[in-house]
Amino acid sequence: MIPAQFDYVVPSSLDEAVALLAQHQDEAKILAGGHSLIPAMKLRLAQPQLLIDIGRLKDLTYVREEDGQLRIGALTTHYELESSARLRDLCPLLAACAGSIGDVQVRNKGTIGGSLAHADPAADWPAAVLALDAELVAASANGERTIKATDFFVDMLTTALQPGEILREIRVPLAAARTSQAYLKMPHPASGFAVVGVAVNLARQGDACQAVAVGITGVAAKAYRAAGVEQALTGGALDEQTIANASAHAADNVDLNDDLFASADYRRHLAQVYTRRAIAEAAKR
Amino acid sequence: MKIEGTHELRAARARVYAALVDPAVLARCIPGCERLEQTGEHAYAATLRAGVGAIKGLFTGNVRLEDMRPPEHYRIVVDGRGQPGFLKGAGDLDLAERDGVTVIKYAGDVQVGGTIAGVGQRMIQGAAKMMAAQFFTALEAEAQAAPEEPPPRHNFFRLALRWLSGRLQRLFQRRPQSS
């Protein structure tokens, strides 16, 4: 449990961090909260030659409203998001998702940006940002670009971030956020990671579903939007039967994960059940 | 752990098979392959730098091809170990041709042990699928190239682009100083 030798730098600004990253590229890893990278390094599954510790850049820790968007700094910890009364009011899905992550130690140190950039196939945040149609802002030595959440997750542990880029901010459109929401997961009993995690963002019109977005994590190599569920539910009534019928599509056209804890068939079943429960919970709000 | 899948390659079956048993081609196509040396008839020693995202490890091992029935079948037997753990397994590859497209079906059983199995178990299958997809994509390009053509260099285009953009950048940087 002792990592291989590495160098360590603490940049004093994001500009300095991206300059360092541009200089070292593949040899370097960005350290944020360190709750994925450090364990991997201790097991020597990851052996970066240089750690660029952005964890002390306090100006990347914030939640604010701007231009009709909720803007979250990449270094905001899970705990800060879980405990923000404003966030629970504005976008309860984000607060619920934050509160369901790992344990209190992980939530105190782990960051939303670090988790998203790592793109663990069973992490909670990917489901939430997908369901909220969020945008992710990446900074590099060449400036900034905005990536849609639906384009961000490429494959297991692989994102659209280029080697020189650092995830700086998460933007959630507030119009989309002011709806009925829920995040429901079945945590792995040992790790707390999502065996299945379902984020629902629902817009109601009376008792009918005007629009719905469903993000699912833990089920496949990357988190995805359950298009089949969304199509089946949009425009329909929010009764038990319609929700159950729509939820049957939760794992359509998906290459399911299969491991010692949960087989592919069991995961499909869990995805359907948790989707049904999450939509029913969102519909109550 | 069972690993299975199907890939479609837009190339003739005989060409795909020839590529699949050519160590030079394999060395170019296997993701992270740093060394592939022949140690006997259809037997090779390999060094791989394999991994996904931040998780990477160096593996050394042996590969043997058996039960070869060109152009439709062979069996591949691998065993390897590295810092993150060890793996041992065998798999069957079956090639079928359909309208000029070669369909490769692979099915294998692999045992993985050590650190990677202890903490990465839930990701091993995903990583294997990802590497298989990379391998078959590179193999398709190899099989499509005409025999007399030099082999496609998978990184050549990227290298050329990087070189070009480096030159351009230097050019642009120089301009303001000279004016």
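**View 1. Secondary structure and overall dimensions of chain A.** In this predicted model, where local features need pLDDT of at least 70, side-chain atom pairs count only at pLDDT 80 or more and totals for chains, interfaces and linings use all residues, chain A comprises 13 helices and 14 strands (DSSP runs, H or I of at least four residues for helices and E of at least two for strands, numbered from the N terminus). Residues are numbered from 1 along each chain as its sequence is written, and chains are lettered from A and ligands numbered from 1 in the order in which they are written. The C-alpha atoms of chain A occupy a box of roughly 60 × 45 × 30 Å along the principal axes.

**View 2. Domains of chain A.** An automatic or database domain assignment separates chain A into domain 1 (7-53), domain 2 (62-175) and domain 3 (178-284). Between domain 1 of chain A and domain 3 of chain A, the C-alpha centres are 35 Å apart.

**View 3. The largest nonpolar core.** This core, a set of buried Ala, Val, Leu, Ile, Met, Phe, Trp, Tyr and Cys residues joined through C-beta atoms within 7 Å, has 103 residues, and those with the most contacts inside it include Leu93(A), Ala128(A) and Val200(A). A residue is buried if 20 or more other C-beta atoms, placed from the backbone, lie within 10 Å of its own, and 51% of the 285 residues in chain A are buried.

**View 4. Surroundings of Val200(A).** Leaving aside residues up to four places away in sequence, Val200(A) touches several residues, among them Ala131(A), Gln181(A), Val212(A) and Ala282(A) (C-beta atoms, placed from the backbone, within 7 Å).

Notes: Buried ≥ 20, exposed ≤ 12 C-beta atoms within 10 Å, placed from the backbone. Contact = placed C-beta atoms within 7 Å.
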